[in-house]
Amino acid sequence: MRYLGNIESPDDLKKLSPDELPELCKELREFIIDACSGNPGHIGASLGAVELTVALHYLYNTPTDKIVWDVGHQAYAHKILTGRRDLFKYNRKYKGISGFPKMAESPYDAFGVGHSSTSISAALGIAVAAQKEGSQEQVVAVIGDGALTGGLAYEGLNNAGSLKTNLLVILNDNHISIDPNVGALHNYLLKVTTSHLYNETKEKVWHILSSKKLRMLFQKFMTSTKLAFFGKSSIFESLGFRYFGAIDGNNLPLLLKRIEDIKNIPGPKLLHIVTKKGKGFKPAEDDQISWHAPGTFDKVTGERKPAINFRKSRYQDVFGETLLRLAKSNDKIFGITPAMPSGCSMNILMKEMPDRAFDVGIAEQHAVTFSAGMAARGLLPYCNVYSSFIQRAYDNVIHDVATQNLKVIFCLDRGGLVGEDGATHHGVFDLAAFRPIPNLTIFSPLNEVELKDMLYSVQSPEYGATIIRYPRGYGEGLEWRDNFNHIEIGKAQLISEGKGIAVLTIGPVGNAASSAISKARNEGIEVLHYNMRFIKPIDTTALDHAFNGCKTIITIEDGVVSGGLHSVVSEYAVTKHPGKTVKIIGLGVPDSFIEQGSVAELVKECGYDTDGIYKTIIDVARKA
Ligand SMILES: Cc1ncc(C[n+]2csc(CCOP(=O)(O)OP(=O)(O)O)c2C)c(N)n1
């Protein structure tokens with residue numbers, strides 16, 4: 001590593017001559033590929049953004065000037081160049097560094113992120129604050145074409161275009177989201193970037209013109225003549241931005257030149273660059289979907305070594321396969337996903353029945369309200385959203401679905417602690433957040449069989465709008481592809497009888513509880529255990545059973561304790577069993593943001609792994 005080994009900060013980068021930078025980009029790619037081969041991460045997007053990252057840190061005075069990354073999964077080169085090269089082996093690891101920009105981690109991470117489409121709004125806020133203080137600092141937002149499908153991005157553009165604050169938005173267009181990008185805007189960008197006549201003419205004249213003034217006049221002229229090329233002016237120009245591009249964003253000399261040219265132009269500007277996701281690593285270039293986050297791989301051959309468990313099915317595949325099965329027998333069923341068809345396995349339905357599923361882009365709010373519209377017209381939409389991303393659409397669930405009493409089935413994948421993606425991605429707030437909302441049923445399966453049965457059961461008229469919440473990863477290894485069984489609304493399942501201590505669980509954490517209870521049984525401790533299945537409506541017969549026979553109730557949930565199952569049971573104690581002195585202990589996620597690590601490490605940290613549950617039971621039994 002001739003160059004990279006000496007770079008501790010962007011100051012060192014600036015000591016290199018422009019001619020040396022392409023070699024540095026090569027070294028950065030090798031470093032990222034090497035690190036990610038053994039320690040998985042978001043490699044595809046980061047490889048595509050290497051030249052952009054080098055150009056920005058070379059030309060701007062970071063961290064005084066601010067780079068605001070959208071989603072942040074493309075920021076590995078940024079982390080490596082800003083003092084975290086040696087820490088990068090701990091990327092996404094327990095007690096290591098975050099896989100996303102994080103303000104507490106580095107002054108170079110101008111804004112924390114993980115969810116999409118925030119960069120323009122955040123960058124504009126920073127730019128406005130800087131302007132108010134009279135600071136000359138520059139602010140750059142970097143947003144992908146996928147992230148640009150999110151409505152928040154347009155709210156930012158709309159505001160920025162009218163405020164006229166200095167801001168550079170770089171649209172990093174690689175024509176792909178995680179899955180192929182979708183939508184009319186995607187088609188528009190494709191048209192812009194593939195219009196060779198327009199782009200070549202613009203590039204040639206730009207080079208001929210020497211003075212900045214002439215270039216600005218030319219840019220104005222091109223804006224108006226674009227009418228001739230496209231029949232309408234650029235969408236960004238219509239929103240008040242000066243539009244530059246589209247240029248090859250993996251061509252470093254060109255990128256340096258163009259950013260240098262436009263850097264000091266006042267007001268809102270947008271530079272459109274075209275890059276290749278996975279650039280520089282053939283397997284990643286050839287299969288960009290799989291290489292978004294491929295798991296471990298051989299850094300020479302590119303052979304992937306995914307951690308496949310052949311004995312068990314993933315919850316997402318139970319969802320995907322079951323939805324297809326149900327859609328075949330019920331023509332009212334439709335699938336909706338905001339940009340996660342392969343992540344949630346809705347691609348199974350899409351492949352076989354393409355007219356029955358919609359990828360709506362990174363647009364969770366729209367996904368929910370679009371589903372509500374379908375339901376209003378008598379269809380039965382299964383809207384699958386990752387738990388942490390549904391946070392975006394909280395009001396849509398309340399206002400457009402629950403208030404209207406429309407039957408939308410929300411399938412919340414990645415519920416609970418998700419592991420290496422860390423604090424921004426844990427799906428731990430859903431149970432607590434949605435519980436107060438009327439007209440909603442909230443269910444979490446103990447295992448893959450219950451997930452399959454619930455996806456089937458919600459078709460029945462006793463169910464209205466329903467949330468089915470399940471985790472990332474594998475089920476229990478049960479045979480689940482058999483006949484469907486109806487799950488009665490609001491009915492808990494008694495797993496074991498006991499005296500003195502009751503354990504009430506919701507979701508797959510009930511399996512860890514069962515193991516802990518078996519262990520305790522070996523020591524003569526009999527524990528009453530209910531798999532509650534529903535947090536709403538709650539099974540009051542099960543709760544009365546626990547309150548009448550036990551002095552201690554332990555609630556366990558893979559989500560925040562505050563507001564979830566623990567709160568349900570505590571409220572029930574106050575309202576229905578006020579005279580009883582029953583101690584209620586809540587195991588789950590505490591009132592703090594849990595960082596990255598393996599799910600096992602994080603669950604242990606929170607104290608609801610099998611050992612933690614066992615210790616809690618033994619503790620209670622000893623004190624009794
Ligand atoms: C609100 C939200 N929804 C979904 C995601 C999941 N997600 C992460 S990256 C990504 C694709 C982003 O595409 P793009 O902006 O084009 O960046 P690229 O990976 O192509 O560089 C998606 C859908 C997210 N991070 N946030």
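The centres of domain 1 and domain 2, taken over C-alpha atoms, are 31 Å apart in this predicted model. The domain assignment divides the protein chain into domain 1 (4–196 + 233–292), domain 2 (315–469) and domain 3 (493–623).

**Interface of domain 1 and domain 2**

- Contact between these domains involves 19 residues of domain 1 and 17 residues of domain 2.
- The size of an interface is often given as the accessible area lost when the parts come together.
- For domain 1 and domain 2 the buried area is about 1,300 Å², with 51% of it on carbon and sulfur atoms.
- On the domain 1 side, Arg-92, His-115 and Asp-179 lose the most area to domain 2, and together they make up 41% of what that side buries.
- One salt bridge is found across the interface of domain 1 and domain 2.
- Arg-92 and Asp-421 form a salt bridge through their side chains, at 2.6 Å from N to O.
- Six residue pairs are in polar contact across the interface of domain 1 and domain 2, counting pairs with both residues at pLDDT 80 or more.

**Nonpolar cores**

- The largest nonpolar core has 81 residues, of which Tyr-382, Phe-410, Phe-434, Ile-468, Leu-504, Met-532 and Phe-547 touch the most other members.
- Helix 14 (residues 315–329) gives the most to this core, with seven residues.
- This core lies between domain 2 (315–469) and domain 3 (493–623), because both give residues to it.
- Leaving aside residues up to four places away in sequence, Phe-434 touches Ile-390, Tyr-394, Val-397, Leu-412, Leu-440, Ile-442 and Ile-467.
- Another core, of 51 residues, lies apart from the largest one; Leu-13, Phe-31, Ala-77 and Leu-252 are among its members.

**Ala-49**

- Ala-49 sits in the loop between helix 3 (43–48) and helix 4 (50–59).
- Its relative accessible area is 1%, so Ala-49 counts as buried, the cut-off being under 20%.
- Beyond residues up to four places away in sequence, Ala-49 touches Gln-74 and Asn-172.
- Gly-72 is 23 residues from Ala-49 along the chain, and their C-alpha atoms are separated by 11 Å.

**Asp-453**

- Asp-453 is part of helix 20 (residues 448–457).
- With a relative accessible area of 5%, Asp-453 is also buried.
- Not counting residues up to four places away in sequence, the contacts of Asp-453 are Asn-483, Phe-484, Asn-485 and Ile-487.

Conventions
Residues are numbered from 1 along each chain as its sequence is written. This is a predicted model: local features need pLDDT of at least 70, side-chain atom pairs count only at pLDDT 80 or more; totals for chains, interfaces and linings use all residues. Side-chain values use heavy atoms; hydrogens and water are left out. Helices (H or I, at least four residues) and strands (E, at least two) are DSSP runs, numbered from the N terminus. Buried means under 20% relative accessible area, exposed over 50%, partly exposed in between (1.4 Å probe, protein chains only). Contact means heavy atoms within 4.5 Å. A nonpolar core is a set of buried Ala, Val, Leu, Ile, Met, Phe, Trp, Tyr and Cys residues joined through side-chain atoms within 4.5 Å. Domain bounds come from an automatic or database domain assignment. Buried area is the accessible area (1.4 Å probe) that two parts lose on being put together, summed over both. A salt bridge is a side-chain nitrogen of Lys or Arg within 4 Å of a carboxyl oxygen of Asp or Glu. A polar contact is a pair of N or O atoms within 3.5 Å; within protein, one must be able to donate a hydrogen and the other to accept it, and residues adjacent in sequence count only if both atoms are side-chain atoms.
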